[in-house]
Amino acid sequence: ADLNFSYRLQQLTSLKVDPNGVILELTDPQLFKYPFIYIIEPGSLTFTEEEIVALRRYLLNGGFLMVDDFWGVDEYDNFYGEIKRVFPDREPLELPLEHPVFHAVYDLKERPQIPSIGVFQSYGPSVTWERPDAREVHYQGLFDDKGRMMAIICHNTDLGDGWEREGESPEYFREMSEKKAYPLGINIVFYAMTH
């Protein structure tokens, strides 16, 4: 996902992107060299005390976090508990379709829900959730004291699947990658870099 997305981000925008990406621990001092970080499948993550301090410092000093690919009530509750350890006094806020992140480069007409390729191939484009308690997509923002979005939380969706599966199914690519996953991902990065 990160390799394909890096390629498309550079191909479709004027941003210069490292095509190989970087994998870092939250506690790595090099983290502060990177303005954008991406965490996937946070439904069972547990931050260490050191990671809490590092992530709080990173976000409050201008960094941006995108969280993606977790589904249902239990996974959200776990992630919510962990992000509240990072910011006990801040609440994630639901982002309406009118929010600029949905219109930064591509003017989206919906807040898209991206299912796995397996769900798409089994049920077609009309079923976009991966489990019964995940039918409604949520995009939430976490903001600093000046109103800058520090993190976007993409729940009950998997933009990364839209990026990583682009070569496996022409139908999935056309419906989920090209129309939804890439446009929103590009919007998120562009928004994060310009706000």
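Which ring does the charged end of Arg57 sit over? I looked, and the ring belongs to Phe32, with the charged end 4.4 Å from its centre. My rule for a charge over a ring: NZ of Lys or CZ of Arg within 6 Å of the ring centre and within 35 degrees of the ring normal.

Ground rules, jotted down before going on. This is a predicted model, where local features need pLDDT of at least 70, side-chain atom pairs count only at pLDDT 80 or more, and totals for chains, interfaces and linings use all residues. Residues are numbered from 1 along each chain as its sequence is written, and side-chain values use heavy atoms, leaving out hydrogens and water.

**The sheet**

I went through the strands next (DSSP runs of E, at least two residues; helices are runs of H or I, at least four; both are numbered from the N terminus). Two strands pair if DSSP finds at least two bridges between them. I get an open sheet of five strands in the order 1-2-5-4-3, with mixed pairing. Strand 1 (36-40) and strand 3 are the edges, each pairing on one side only.

Helix 2 (residues 49-60) packs on this sheet, touching strand 1, strand 2 and strand 5. Helix 3 (residues 72-86) also packs on the sheet, touching strand 2, strand 4 and strand 5. Contact here means heavy atoms within 4.5 Å.

Strand 2 (residues 64-68) runs parallel to strand 5 over three bridges, and Leu65 has Ala151 as its bridge partner.

**Strand 4**

Strand 4 (residues 138-143) has five of its six residues buried; buried is under 20% relative accessible area, exposed over 50%, partly exposed in between (1.4 Å probe, protein chains only). Strand 4 pairs antiparallel with strand 5 (residues 149-155) over six bridges, and Phe143 is bridged to Met149. The two make a hairpin with five residues between them, and Gly147 in the turn has a positive phi of about 90 degrees. Strand 4 also pairs antiparallel with strand 3 (residues 93-94), over two bridges; Glu94 partners Gln140 there.

**Aromatics**

How many aromatic pairs are there? I count eight, using ring centres within 6.5 Å for Phe, Tyr and Trp (its six-membered ring), with planes under 30 degrees apart stacked, over 60 edge-to-face, the rest tilted. Tyr38 is partly exposed at 27%, while Trp163 is buried at 1%.

Phe102 and Tyr139 are edge-to-face because their planes are at 75 degrees, with centres 5.6 Å apart. Phe102 sits in the loop between strand 3 and helix 4 (117-123) and Tyr139 in strand 4, so the pair ties together parts 37 residues apart in sequence.

Conventions:
Axes are lines fitted to C-alpha atoms, for helices over the stretch in contact, and angles run from 0 to 180 degrees between N-to-C directions.
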